[in-house]
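Here is a short briefing on one structure. Look at the sequence and the model first, then read on.

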Amino acid sequence: MARAVAHQIYLTIDMHTLSLRMPSLLLIPCGAIPSLIYSFGPSQARKSALVTDVLALSLAFNALSLLTLDSFKTGCILLSGLFLYDVWWVFGTEVVRPFIAPRRFAPG
Amino acid sequence: MVKVATNLDVPIKILWSKSLTFATENGFTMLGLGDIVVPGMFVALALRYDQHRAEVRGDAHKGFAKPYFYAALSAYFLGLCTTMIVMHTFRAAQPALLYLRCVRYHNFPGHGPDIPDSPACILSFVITATIRGERGEAWNWHDGEAEPEATAAVTDARANSARSSPRPPQQPVAPSNGGLLSRIPRIRWETRVQPRSTPS
């Protein structure tokens with residue numbers, strides 16, 4: 001009943017082996033398209049939200065699947081560091097302008 | 001005030017247009033990758049802790065209770081909502097800055113301010129653990145998956161390499177005649193057909 005249905009392709013260079021399924025191998029060029037657009041496309045492409053989103057989400061997905069924490073202590077330390085970094089980013093740099101502005105008066 | 005001078009041109013943020021038709025005139029809302037990955041790792045850790053607790057109880061097969069996971073996920077979501085609401089409120093009071101600030105965000109290699117996320121995630125964990133009365137145990141829990149591998153590496157390196165999966169086919173022994181030819185890295189392409197493992 002258990003037929004052989006999954007093909008594994010092994011690429012071996014010296015002692016390193018990469019194993020892929022056939023669909024993954026055939027989709028590698030497809031997956032390279034957003035990166036190529038972002039790297040070599042016109043600067044208009046870089047400002048496009050779509051390409052940025054695709055690449056950023058791919059990075060986030062892979063980062064979350066590769067990185068793991070080992071305890072809540074480590075997690076809390078990291079989150080505290082992120083908190084301090086965010087506070088510095090908002091109040092210590094000029095990225096977010098301070099929340100005071102001259103009032104605009106309507107003409108007439 | 002520090003002026004951030006470097007301009008990183010890499011996709012390290014998620015953009016969403018502020019106008020309904022996806023035009024670029026109003027600029028974009030930004031969410032930096034750091035604000036996704038670090039709280040995301042925390043939420044994933046909460047899920048692993050729930051699975052660990054279910055394994056200890058003995059019902060880790062499917063549909064185990066996930067209190068820590070839901071708490072962390074809701075806290076992260078509420079933190080993001082809070083950020084958006086605060087940004088909108090401040091902007092409503094400063095109409096003159098509306099378009100200026102949007103344009104500034106758009107061209108800048110940074111991210112939107114995301115201050116409430118980290119305290120929300122930490123508090124979700126503390127509150128959930130306190131409510132369930134297992135704060136000490138949850139705080140001292142260590143993800144045990146790393147430990148067996150570490151001890152095995154210390155004691156038996158060969159067993160550790162045998163544990164890595166998937167098992168590649170037998171490595172060909174390079175002919176050791178000492179010449180340059182033996183130093184060319186060998187590239188082998190091999191196709192194997194494997195029966196599909198049990199449905200997961």
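Which residues form one aromatic cluster? They are Phe72(A), Phe42(B), Tyr49(B), Tyr68(B), Phe125(B), Trp139(B) and Trp141(B). This is a predicted model.

**Chain B**
- Chain B holds seven helices and three strands.
- Read from the N terminus, its elements follow the order β-β-α-α-α-α-α-α-α-β.
- Chain B has 200 residues, and 34% of them count as buried.
- Take the contacts in chain B between residues at least 6 apart in sequence: 54% of these join residues at least 24 apart.
- The accessible surface of chain B is about 12600 Å². Carbon and sulfur atoms account for 63% of that surface.

**The largest nonpolar core**
- The largest nonpolar core has 31 residues.
- Six members touch the most other members: Phe72(A), Leu79(A), Ile36(B), Phe42(B), Tyr68(B) and Phe125(B).
- Chain A gives two or more residues to this core from each of α4 (49-66) and α5 (72-92). In chain B, the elements that do so are α1 (34-57), α2 (67-93) and α4 (117-131).
- The largest share comes from α1(B), with nine residues.

- Phe125(B) has a relative accessible area of 3%, so Phe125(B) is buried, the cut-off being under 20%.

**Aromatic pairs**
- Over all chains, the structure holds 11 aromatic pairs.
- One of them joins Phe42(B) and Phe125(B), with 6.3 Å from centre to centre and 85 degrees between the planes. This pair counts as edge-to-face because its planes are over 60 degrees apart.
- Why does this pair tie together parts that are 83 residues apart in sequence? Phe42(B) sits in helix α1 of chain B, while Phe125(B) sits in helix α4 of chain B.
- Phe42(B) counts as buried because its relative accessibility is 0%.

**A charge over a ring**
- Lys66(B) lies over the face of Phe64(B). The distance from the ring centre is 4.9 Å.

How values were computed. Residues are numbered from 1 along each chain as its sequence is written. Chains are lettered from A and ligands numbered from 1 in the order in which they are written. This is a predicted model: local features need pLDDT of at least 70, side-chain atom pairs count only at pLDDT 80 or more; totals for chains, interfaces and linings use all residues. Side-chain values use heavy atoms; hydrogens and water are left out. A nonpolar core is a set of buried Ala, Val, Leu, Ile, Met, Phe, Trp, Tyr and Cys residues joined through side-chain atoms within 4.5 Å. Buried means under 20% relative accessible area, exposed over 50%, partly exposed in between (1.4 Å probe, protein chains only). Helices (H or I, at least four residues) and strands (E, at least two) are DSSP runs, numbered from the N terminus. Contact means heavy atoms within 4.5 Å. Accessible areas come from the Shrake-Rupley method with a 1.4 Å probe; for residues, only the protein chains shown count as cover. Rings of Phe, Tyr and Trp (its six-membered ring) pair if their centres lie within 6.5 Å; planes under 30 degrees apart count as stacked, over 60 as edge-to-face and the rest as tilted. A charge sits over a ring if NZ of Lys or CZ of Arg is within 6 Å of the ring centre and within 35 degrees of the ring normal.
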